[in-house]
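Okay, thanks for making time, everyone. I'll talk through one structure today, strands to begin with and then the rings.

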Amino acid sequence: TVTIGVAEGADDRFQQIWPLRTREGLIDNRSSDGRPRPAIAESWQVSPDGLTWRLNLRANVFFHDGSRCDAEAVRGILERALKRPDISQYPGLLDIRAVRADGPRTLVIELRHPSAFLLSDLYLDIVKALPDNTTSGTGPYYAARKSATEMVLHAHQRYSQGAPQIQTLIFRSYPTLRQAWSSLLRGEIDALWNL
(Lines give C-alpha, C1' and ligand atoms only; values in the text may rest on other atoms or scores of the structure.)
Protein backbone atom coordinates (compact mmCIF):
# COMPACT_ATOMS: atom_id res chain seq x y z
CA THR A 1 0.00 0.00 0.00
CA VAL A 2 1.20 3.49 -0.88
CA THR A 3 -0.55 6.52 0.62
CA ILE A 4 -0.22 9.80 -1.26
CA GLY A 5 -1.12 13.16 0.24
CA VAL A 6 -2.75 15.75 -2.00
CA ALA A 7 -2.21 19.25 -0.61
CA GLU A 8 -5.02 21.74 -0.91
CA GLY A 9 -7.10 18.89 -2.28
CA ALA A 10 -10.50 20.01 -1.02
CA ASP A 11 -11.13 21.63 -4.39
CA ASP A 12 -11.62 19.93 -7.76
CA ARG A 13 -7.91 19.11 -7.97
CA PHE A 14 -8.28 16.12 -5.66
CA GLN A 15 -11.06 14.77 -7.89
CA GLN A 16 -8.84 15.20 -10.97
CA ILE A 17 -5.78 13.37 -9.64
CA TRP A 18 -6.91 9.84 -8.77
CA PRO A 19 -8.66 9.19 -12.13
CA LEU A 20 -5.20 9.43 -13.75
CA ARG A 21 -4.58 5.93 -12.35
CA THR A 22 -8.02 4.45 -13.15
CA ARG A 23 -8.66 5.63 -16.68
CA GLU A 24 -6.80 5.65 -19.96
CA GLY A 25 -7.39 6.68 -23.53
CA LEU A 26 -6.61 5.05 -26.82
CA ILE A 27 -3.37 7.03 -26.81
CA ASP A 28 -1.28 8.22 -23.86
CA ASN A 29 -0.02 11.76 -24.30
CA ARG A 30 1.70 11.98 -20.91
CA SER A 31 5.06 10.75 -22.14
CA SER A 32 8.18 12.63 -21.07
CA ASP A 33 8.97 13.68 -24.64
CA GLY A 34 5.41 14.88 -25.37
CA ARG A 35 4.85 12.38 -28.16
CA PRO A 36 1.75 10.17 -28.28
CA ARG A 37 2.43 6.61 -27.21
CA PRO A 38 0.30 3.45 -27.14
CA ALA A 39 -2.30 2.89 -24.42
CA ILE A 40 -5.48 0.96 -25.30
CA ALA A 41 -4.42 1.20 -28.94
CA GLU A 42 -1.09 -0.55 -29.40
CA SER A 43 -0.44 0.80 -32.89
CA TRP A 44 -2.01 2.90 -35.65
CA GLN A 45 -1.75 3.62 -39.35
CA VAL A 46 -2.99 6.56 -41.38
CA SER A 47 -4.00 6.52 -45.04
CA PRO A 48 -1.86 8.53 -47.52
CA ASP A 49 -4.57 11.23 -47.76
CA GLY A 50 -4.73 11.54 -43.95
CA LEU A 51 -8.47 10.87 -43.84
CA THR A 52 -8.59 7.30 -42.51
CA TRP A 53 -6.96 6.13 -39.30
CA ARG A 54 -6.82 2.46 -38.30
CA LEU A 55 -6.10 1.82 -34.63
CA ASN A 56 -5.12 -1.66 -33.53
CA LEU A 57 -6.30 -2.30 -29.97
CA ARG A 58 -4.44 -4.41 -27.43
CA ALA A 59 -5.70 -7.99 -27.29
CA ASN A 60 -6.72 -8.24 -23.65
CA VAL A 61 -8.19 -4.94 -22.50
CA PHE A 62 -10.90 -5.23 -19.86
CA PHE A 63 -13.00 -2.65 -18.10
CA HIS A 64 -12.90 -2.79 -14.31
CA ASP A 65 -16.37 -4.40 -14.32
CA GLY A 66 -14.86 -7.41 -16.18
CA SER A 67 -16.33 -6.70 -19.62
CA ARG A 68 -14.06 -6.61 -22.65
CA CYS A 69 -12.98 -3.27 -24.10
CA ASP A 70 -13.04 -4.14 -27.79
CA ALA A 71 -13.40 -2.04 -30.94
CA GLU A 72 -17.21 -2.06 -30.79
CA ALA A 73 -17.22 -0.83 -27.17
CA VAL A 74 -14.73 1.93 -28.01
CA ARG A 75 -16.76 2.93 -31.08
CA GLY A 76 -19.85 3.49 -28.94
CA ILE A 77 -17.92 5.45 -26.32
CA LEU A 78 -16.31 7.69 -28.94
CA GLU A 79 -19.62 8.33 -30.70
CA ARG A 80 -21.22 9.41 -27.41
CA ALA A 81 -18.20 11.56 -26.57
CA LEU A 82 -18.49 13.39 -29.89
CA LYS A 83 -21.94 14.61 -28.81
CA ARG A 84 -20.77 16.02 -25.48
CA PRO A 85 -20.86 19.82 -25.05
CA ASP A 86 -17.20 19.89 -23.92
CA ILE A 87 -15.90 18.09 -27.04
CA SER A 88 -14.35 21.38 -28.23
CA GLN A 89 -11.61 20.72 -25.63
CA TYR A 90 -10.44 18.03 -28.06
CA PRO A 91 -10.05 19.90 -31.38
CA GLY A 92 -8.56 16.84 -33.07
CA LEU A 93 -11.86 15.01 -32.62
CA LEU A 94 -13.99 17.72 -34.24
CA ASP A 95 -13.09 16.54 -37.75
CA ILE A 96 -14.28 12.97 -37.18
CA ARG A 97 -16.88 12.01 -39.77
CA ALA A 98 -17.40 8.37 -38.76
CA VAL A 99 -16.12 5.71 -36.38
CA ARG A 100 -16.52 1.99 -37.01
CA ALA A 101 -15.25 -1.31 -35.71
CA ASP A 102 -13.50 -3.54 -38.24
CA GLY A 103 -13.35 -6.72 -36.21
CA PRO A 104 -12.81 -7.00 -32.46
CA ARG A 105 -9.41 -5.27 -32.36
CA THR A 106 -9.49 -2.68 -35.14
CA LEU A 107 -11.11 0.74 -34.85
CA VAL A 108 -11.42 2.83 -38.01
CA ILE A 109 -11.78 6.61 -37.76
CA GLU A 110 -12.74 8.57 -40.87
CA LEU A 111 -12.12 12.32 -40.97
CA ARG A 112 -13.66 15.19 -42.94
CA HIS A 113 -10.23 16.85 -43.18
CA PRO A 114 -6.72 15.71 -42.26
CA SER A 115 -6.01 16.58 -38.62
CA ALA A 116 -2.63 17.11 -37.05
CA PHE A 117 -4.30 16.95 -33.63
CA LEU A 118 -6.29 13.71 -33.89
CA LEU A 119 -3.70 11.37 -32.48
CA SER A 120 -2.84 13.52 -29.48
CA ASP A 121 -6.54 14.08 -28.67
CA LEU A 122 -7.27 10.35 -28.59
CA TYR A 123 -6.13 10.48 -24.96
CA LEU A 124 -9.83 11.11 -24.19
CA ASP A 125 -10.79 8.73 -21.36
CA ILE A 126 -12.39 5.51 -22.59
CA VAL A 127 -14.87 4.80 -19.82
CA LYS A 128 -17.99 2.66 -19.81
CA ALA A 129 -21.16 4.08 -18.22
CA LEU A 130 -22.65 1.73 -15.64
CA PRO A 131 -26.32 1.43 -14.59
CA ASP A 132 -25.61 2.96 -11.15
CA ASN A 133 -24.43 6.23 -12.79
CA THR A 134 -20.76 5.46 -12.19
CA THR A 135 -18.15 4.62 -14.80
CA SER A 136 -15.74 1.78 -15.37
CA GLY A 137 -12.30 2.48 -16.81
CA THR A 138 -9.50 0.23 -18.05
CA GLY A 139 -6.55 1.69 -16.13
CA PRO A 140 -4.15 -0.09 -13.76
CA TYR A 141 -6.31 0.68 -10.69
CA TYR A 142 -10.03 0.83 -9.90
CA ALA A 143 -11.86 2.88 -7.29
CA ALA A 144 -12.64 0.70 -4.26
CA ARG A 145 -13.74 3.24 -1.64
CA LYS A 146 -14.34 6.97 -1.71
CA SER A 147 -15.00 9.69 0.84
CA ALA A 148 -14.74 13.47 0.74
CA THR A 149 -11.08 13.35 1.81
CA GLU A 150 -9.82 9.94 0.72
CA MET A 151 -9.87 7.68 -2.33
CA VAL A 152 -8.74 4.06 -2.12
CA LEU A 153 -7.72 2.34 -5.36
CA HIS A 154 -7.02 -1.36 -5.81
CA ALA A 155 -4.87 -2.99 -8.49
CA HIS A 156 -6.72 -4.06 -11.64
CA GLN A 157 -5.54 -7.67 -11.91
CA ARG A 158 -6.62 -7.92 -15.57
CA TYR A 159 -4.86 -4.72 -16.64
CA SER A 160 -3.75 -5.16 -20.25
CA GLN A 161 -0.16 -4.14 -19.55
CA GLY A 162 0.20 -6.32 -16.46
CA ALA A 163 -1.21 -6.08 -12.96
CA PRO A 164 0.49 -3.38 -10.84
CA GLN A 165 2.92 -4.55 -8.17
CA ILE A 166 1.54 -2.01 -5.70
CA GLN A 167 -1.81 -3.50 -4.66
CA THR A 168 -3.41 -0.44 -3.06
CA LEU A 169 -3.06 3.31 -3.63
CA ILE A 170 -4.63 5.71 -1.17
CA PHE A 171 -5.01 9.38 -2.10
CA ARG A 172 -5.63 11.53 0.97
CA SER A 173 -6.70 15.16 0.72
CA TYR A 174 -5.29 17.87 3.00
CA PRO A 175 -6.63 21.43 3.17
CA THR A 176 -3.14 22.97 3.36
CA LEU A 177 0.35 22.11 2.23
CA ARG A 178 1.57 22.51 5.84
CA GLN A 179 -0.81 19.77 7.07
CA ALA A 180 0.17 17.42 4.23
CA TRP A 181 3.87 18.03 4.84
CA SER A 182 3.46 17.40 8.59
CA SER A 183 1.66 14.14 7.87
CA LEU A 184 4.54 13.07 5.62
CA LEU A 185 7.13 13.90 8.29
CA ARG A 186 5.16 11.89 10.88
CA GLY A 187 5.11 8.87 8.54
CA GLU A 188 1.33 8.88 8.10
CA ILE A 189 1.66 9.08 4.32
CA ASP A 190 4.36 7.86 1.94
CA ALA A 191 4.50 10.71 -0.59
CA LEU A 192 3.08 14.08 -1.57
CA TRP A 193 1.49 14.69 -4.95
CA ASN A 194 3.11 17.44 -7.01
CA LEU A 195 4.89 19.17 -4.15
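Predicted model: local features only at pLDDT ≥ 70, side-chain atom pairs only at ≥ 80, totals over all residues.

**Strands and ring contacts**

So, let's begin with β1, residues 2–7, which pairs with β13 in the parallel sense over two bridges.

Now zoom out a bit. Those two strands belong to an open sheet of five strands, and the order is β10-β11-β12-β1-β13, with mixed pairing. Which strands stand at the edges? Those are β10 (141–146) and β13 (191–192); each has a single partner strand, so one side of each is left without a neighbour in the sheet. As a quick reminder, strands of a sheet pair through backbone hydrogen bonds, either parallel or antiparallel.

For the antiparallel case, go to β4 and β5. Strand β4 covers residues 41–46, strand β5 covers 52–57, and the two pair in the antiparallel sense over five bridges. Here Val46 stands opposite Trp53 in β5. The hairpin they make has five residues between the strands, and Gly50 takes a positive phi there, near 75°.

How many aromatic pairs does the structure hold? It holds two.

One is Tyr90 with Tyr123, a tilted pair at 5.6 Å centre to centre, with 55° between the planes. This pair links distant parts of the chain, 33 residues apart: Tyr90 is in the loop between α3 (71–81) and β6 (96–101), while Tyr123 is in the loop between α4 (118–121) and β8 (128–129). Is Tyr90 buried or exposed? Tyr90 is buried, with a relative accessible area of 11%, whereas Tyr123 counts as partly exposed, at 30% relative accessibility.

Then we have Phe171 and Trp193, an edge-to-face pair with 6.1 Å centre to centre and 70° between the planes. Phe171 lies in strand β12 (residues 168–174) and Trp193 in the segment after β13, so this pair ties together parts that are 22 residues apart in sequence. And β12, if you recall the strand order, is in that five-stranded open sheet. On accessibility, Phe171 counts as buried at 2%, and Trp193 is partly exposed, with a relative accessible area of 28%.

Last stop, for anyone who likes a charge over a ring: Arg158 lies over the face of Phe62, at 3.6 Å from the ring centre.

That's my tour, happy to take questions.

How values were computed. Residues numbered from 1 in each chain as written. Heavy atoms only, no water. Pairing = 2+ DSSP bridges. Helix = DSSP H or I, 4+ residues; strand = E, 2+ residues; numbered from the N terminus. Phe/Tyr/Trp six-rings, centres within 6.5 Å; stacked < 30°, edge-to-face > 60°. Buried < 20%, exposed > 50% of the residue type's maximum accessible area, 1.4 Å probe, protein only. Lys NZ or Arg CZ within 6 Å of the ring centre and 35° of its normal.
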